[in-house]
Amino acid sequence: MLNYFLKGEAGTRLRFMGMLLSAMLVLLSVVTLAQKGLNFGLDFTGGYLTEFTTSQSVELKELQSFIAKNHNGEFELTAQGNSHFQLREAPSASTTANNLDWQSAVTQNDDINAQVLSSAYIGSQVGDELFDQGCLAMFAAMIAVMIYLAVRFEWRLALGSVVALVHDLILVLGLFSLLQIEFNLTVLASLLAIIGYSLNDSIIVGDRVRELLRVQSNNVLSPATIINNAIKSTLTRTLITSGTTLATVASVWLLAGAPLQGFAIALFTGIVVGTFSSICIAATLPELLGLSAKNYEVKVDVHTQTLLDMP
């Protein structure tokens, strides 16, 4: 079915419409990031993190209301299971008095009968260092990717892959900003994984485009037709690879629990938009920049050509 829609002018129109949609989503993501920012977790902001269990199942809203009566600052309560909870306090609210007040209340209440499992404080200085090191790792990965693409591809195909990669990262960050999902170290690690996955998709399509352009050195087919043929020839492999990976990530999302939920959401989104961008950006942008079979014609020196023509 997809191969049918990728034929002729219909396939070209779909690719350009997808590219326009991607541009709109990137713009929306940038606006969202500028207005709402990211909801940084304790790994970056610092503060108290307390985990506790209750003797029986308690509704999250009821427990949150009860703790609010015995807590003077801001906090965020999340459920890790039916009777397992995690309370996060901002650095400004993470005072010893607040900790003792609400912990005493939940442990001494007969209906809740909580038991504190762990309580740890992460300093803001440690969070700043982790954020700086994480951003440095992402920057180093991007530089390595750009160098690799510059060596492997003609500059138009290389630029298309880089733009597709940036597109994927911005959309994932925009989703986290829009939904205010906690951004922690595991999510940062997933962004590094997305860089590798998105690059793999773009290289598969780019390699096939390059091969077909070299074959069509006589310019019989237009660049749009060649790109459509390249996408059709790699589409089955791309969908199978993405589908099996998505099934694995979905299992982590649904079964691994809250600690890995942000990681799974980021990776799931990155795989989907990475597959989309490898077709609508990595393969389409080079066409807009004038990619053609002439870019892959072998240039032969005049003296060498004379020797080849001699009997």
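User: Before we start, what should I know about the model and the numbering?

Analyst: The model is predicted, so local features need pLDDT of at least 70 and side-chain atom pairs count only at pLDDT 80 or more, while totals for chains, interfaces and linings use all residues. Residues are numbered from 1 along each chain as its sequence is written, and side-chain values use heavy atoms, with hydrogens and water left out.

User: OK, how many helices and strands does the protein have?

Analyst: You get 12 helices and 6 strands. Both are DSSP runs numbered from the N terminus: helices are H or I with at least four residues, strands are E with at least two.

User: And what share of the residues counts as buried?

Analyst: Of the 311 residues, 41% do. Buried means under 20% relative accessible area, exposed means over 50%, and partly exposed is in between, with a 1.4 Å probe and protein chains only. As for surface, the protein exposes about 16,500 Å², and carbon and sulfur atoms supply 62% of that. Those areas come from the Shrake-Rupley method with a 1.4 Å probe; for residues, only the protein chains shown count as cover.

User: How do I read a nonpolar core?

Analyst: In soluble globular proteins, nonpolar side chains tend to be buried together. Here a core is a set of buried Ala, Val, Leu, Ile, Met, Phe, Trp, Tyr and Cys residues joined through side-chain atoms within 4.5 Å. The largest one has 43 residues, and L149, F176, F183, L191, I195 and V209 have the most contacts inside it. Two or more of its residues come from each of α6 (124–152), α7 (155–179), α8 (185–215), α9 (223–255) and α10. Helix α8 gives the largest share, 12 residues. Another core of 12 residues lies apart from it, with F52, F85, V106 and A114 among them.

User: Which residues does L191 touch, not counting those up to four places away in sequence?

Analyst: L191 touches M138, L169, V172, L173 and F183. A contact means heavy atoms within 4.5 Å. For the whole protein, take contacts between residues at least 6 apart in sequence: 79% of these join residues at least 24 apart.

User: Is S22 buried or exposed?

Analyst: S22 counts as buried, because its relative accessibility is 1%. S22 is found in helix α2 (residues 8–36), and beyond four places in sequence S22 touches H167, F276 and I281.

User: Now for empty space. How do I tell a pocket from a cavity?

Analyst: Rolling a probe the size of a water molecule over the atoms shows where empty space is left. On a 1 Å grid over the protein atoms alone, a cavity is a set of points where a 1.4 Å probe fits but cannot get out; a pocket is an open set with protein on both sides within 12 Å along at least five of seven lines, and lining residues have an atom within 4 Å of a point. Grid points are joined across faces, edges and corners, and a volume is the space filled by probe spheres set on the points.

The largest pocket has a volume of about 480 Å³. Its lining has 21 residues, with Q86, E182, N184, A258 and P259 nearest the centre. Helix α10 supplies the largest share, 3 residues.

User: Where is N184, and what does it touch?

Analyst: N184 is in the loop between β6 (182–183) and α8. N184 is buried, because its relative accessible area is 12%. Not counting residues up to four places away in sequence, N184 touches D43 and F44.

User: And which residues line the largest cavity?

Analyst: They are L49, E76, T78, Q86, L87, R88 and E182. About 40 Å³ of space lies in that cavity, and β4 gives the largest share of the lining, 3 residues.
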